[in-house]
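Please keep the structure in view while reading.

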Amino acid sequence: MSCLLCQCQDLRPLLSAEDNLKIVPGRFNLVICQNCGLVFLHPLPSSEQIKGYYPEYYCSRENPKNPVSTHNLFAWIKQLEKDLRNFLLQREIRHIQKLINKGGRILDVGCGSGELLALFKAKGYEVYGVEVLPELARLARERFGLEVRQGDFLASGYPADYFDLVIFYHVLEHLPEPDLGLAEAKRVLKKGGFLLLQVPNIASYQFRIFKQRWFALELPRHLYHFSPTTLELLLKNTGFEPLRIRHFSIRNNPLILAFTLFPRQNYHRLPHSPDMSWIFDFVLALSLVPFTTLESLAGGGATITLTARST
Ligand SMILES: [Zn+2]
């Protein structure tokens with residue numbers, strides 16, 4: 001076993017932890033490469049094993065099996081949270097609008113139930129999605145009329161030199177071969193096309209403080225754990241030039257801290273999840289914004305958002 005980034009074989013144990021969603025039994029071990037600092041799950045699971053790691057509506061905020069509250073106040077707070085999330089996404093969309101013109105082609109890898117793509121579509125872009133989980137792909141098609149291919153990105157078969165932007169939001173850390181995922185992104189991107197990536201930051205203050213209790217470790221679903229340094233190394237190895245790196249995500253960082261402080265297994269809105277716990281998460285996350293702002297200003301935010309260009 002050697003490091004994916006630098007082929008070094010000097011790997012040392014970093015920590016071990018259980019599945020925070022209690023889906024997969026047992027303990028999972030992370031190792032760190034002594035040369036480049038890449039952190040990854042050891043041993044890495046097989047593709048067959050990985051299939052058993054995910055619930056049907058993984059990471060979707062809209063689970064149609066959830067009970068819908070008829071109480072006006074809950075419905076109002078839910079709408080407020082949705083509006084706030086969309087407002088926060090607008091900042092990323094404005095950043096992309098500066099890079100690619102209206103009508104440009106965008107591919108969202110791991111598009112989930114399609115919220116981000118729907119926002120880009122509303123801004124006049126030609127949008128496409130790939131999603132491995134069948135229920136989420138179906139939701140994205142039905143709710144937003146999006147063109148979504150269900151299955152593995154590596155087998156999705158898009159033409160070469162086709163897209164102006166490929167998005168990997170919280171996807172790279174789930175791939176057993178992230179280098180192959182980026183190589184496929186490079187193939188389908190036009191020359192000089194852009195890549196927008198978001199991953200949890202293993203060099204964050206949250207990880208340094210909470211270690212195996214940090215919610216974004218997400219073992220065993222997160223296979224690779226990047227820092228800004230190792231992510232940039234992976235990008236350079238696969239033919240991308242990093243352009244902009246950010247640590248601050250109001251959409252992610254306060255929620256990751258909230259779930260770290262108050263761990264629960266119903267994060268993915270299982271059918272029994274009551275509306276009250278959902279509102280608790282929202283209010284708690286808002287109260288944690290000042291701390292997560294400080295950690296980001298100090299250069300150790302819980303999420304890395306990176307824009308790169310295909311070279
Ligand atoms: Zn290494």
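Valine 109 touches Val130, Phe153, Val166, Ile167, Phe168 and Val171, leaving aside residues up to four places away in sequence; two residues are in contact if their C-beta atoms, placed from the backbone, lie within 7 Å. The model is predicted, and local features need pLDDT of at least 70, side-chain atom pairs count only at pLDDT 80 or more, while totals for chains, interfaces and linings use all residues. Residues are numbered from 1 along each chain as its sequence is written.

Val109 is among the residues with the most contacts inside the largest nonpolar core, together with Ile106, Leu107, Val166, Ile167, Phe168 and Leu195. This core has 70 residues; a nonpolar core is a set of buried Ala, Val, Leu, Ile, Met, Phe, Trp, Tyr and Cys residues joined through C-beta atoms within 7 Å. A residue is buried if 20 or more other C-beta atoms lie within 10 Å of its own, exposed if 12 or fewer, and partly exposed in between, with C-beta atoms placed from the backbone. Of the 311 residues of the chain, 39% are buried.

The chain has 10 helices and 11 strands, which are DSSP runs numbered from the N terminus (helices: H or I, at least four residues; strands: E, at least two). Seven strands form an open sheet in the order E6-E5-E4-E7-E8-E11-E10, with mixed pairing; two strands pair if DSSP finds at least two bridges between them. E6 and strand E10 (240–246) are the edge strands, each pairing on one side only. Within the sheet, E7 (residues 163–169) and E8 (residues 189–200) run parallel and are joined by 6 bridges. Phenylalanine 168 stands opposite leucine 197 in E8.

Next comes helix H4. In H4 (residues 134–144), Leu136, Ala137, Leu139 and Ala140 are buried. They cover an arc of only 160 degrees around the axis, which puts them on the same side of H4; the arc is that of the directions from the helix axis to the C-beta atoms. The buried residues of H4 pack against strands E5 (126–131) and E6 (147–150), whereas Pro134 and Glu142, on the other side of H4, are exposed. Glycine 145 follows H4 and has a positive phi, near 65 degrees.

Finally, the chain as a whole. Among contacts between residues at least 6 apart in sequence, 75% join residues at least 24 apart. The C-alpha atoms fill a box of roughly 55 × 45 × 40 Å, taken along the principal axes.
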